[in-house]
Amino acid sequence: MLTQGLVTITGNGKTVLKAVCGCNGHSAELLARLIHERCLSTVNEVYNAALMAEFGCPACLVVFTKSEARYDGKEIPKLYWKTL
Ligand SMILES: [Zn+2]
């Protein structure tokens, strides 16, 4: 079943990181808990935790901040994170 998911990390009332996926979005709660428990903050940390939580899959998982983004293990074009 395809379920989109979104997990955000906020700081000072602003969104600082977003994790978006196109499937297995029901794992969003688990991912949010992992982020909180392990104090994850970087794109790489959250990307790896998302795959561990089976939040999305490598084909659809995107994790990005204002300055960095990861998709399918690669950096992605900047225009992607203009929506942050
Ligand atoms: Zn997927």
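Where does Ser67 lie? Ser67 is found in the loop that links S3 to strand S4 (69-71). The structure described here is a predicted model, in which local features need pLDDT of at least 70, side-chain atom pairs count only at pLDDT 80 or more, and totals for chains, interfaces and linings use all residues. Residue numbers start from 1 along each chain, following the sequence as written.

The protein has 2 helices and 4 strands, where helices (H or I, at least four residues) and strands (E, at least two) are DSSP runs numbered from the N terminus. Along the sequence these elements follow the pattern β-β-α-α-β-β. Of the 84 residues in the protein, 33% are buried; a residue is called buried if 20 or more other C-beta atoms lie within 10 Å of its own, exposed if 12 or fewer, and partly exposed in between, with C-beta atoms placed from the backbone. Among contacts between residues at least 6 apart in sequence, 37% join residues at least 24 apart; here two residues are in contact if their C-beta atoms, placed from the backbone, lie within 7 Å.

The sheet comes next. Strands of a sheet pair through backbone hydrogen bonds, either parallel or antiparallel. In this protein, 4 strands form an open sheet in the order S1-S2-S3-S4, with antiparallel pairing; two strands are said to pair if DSSP finds at least two bridges between them. Strand S1 (5-11) and S4 are the edge strands, each pairing on one side only. From one strand to the next, the twist averages 10°. Such angles run from 0 to 180 degrees between N-to-C directions, and axes are lines fitted to C-alpha atoms, for helices over the stretch in contact.

S1 and S2 are joined in the antiparallel sense over 7 bridges, and Leu6 has Val20 in S2 as its bridge partner. The two strands form a hairpin with 2 residues between them. Asn12, in the loop between S1 and S2, has a phi near 55°, a positive value in a residue other than glycine. Asn12 counts as exposed because it has 5 C-beta neighbours inside 10 Å. Most residues other than glycine have a negative phi. Glu54 also is not a glycine and has a positive phi of about 55°. Glu54 sits in the loop between H2 and S3 and is partly exposed, with 14 other C-beta atoms within 10 Å.

At the other end of the strand order, S3 and S4 run antiparallel and are joined by 3 bridges. Val63 stands opposite Arg70 in S4. Ser67, in the loop between these strands, counts as exposed because it has 8 C-beta neighbours inside 10 Å. The C-alpha atoms of Ser67 and Val43 are 9.7 Å apart, although 24 residues separate the two along the chain.

H2 lies across S2, S3 and S4 and runs at about 160° to S3. H1 and H2 also pack against one another, at an angle of about 135° and with their axes 9 Å apart. H1 is therefore oblique to H2, since angles under 35 degrees count as roughly parallel, over 145 as roughly antiparallel, 65 to 115 as roughly perpendicular and the rest as oblique. Leu31, Leu34 and Ile35 of H1 make this contact with Val46, Ala49 and Ala50 of H2.

Ile9, found in strand S1, is 26 residues from Ile35 in sequence and 8.5 Å from it in space, C-alpha to C-alpha. Leaving aside neighbours within four places in sequence, Ile9 is in contact with Val16, Leu17, Ile35 and Ser41. Ile9 is partly exposed, with 16 other C-beta atoms within 10 Å.

Not counting residues up to four places away in sequence, Ala50 touches Ala19, Leu31, Phe55, Gly56, Leu61 and Val63.
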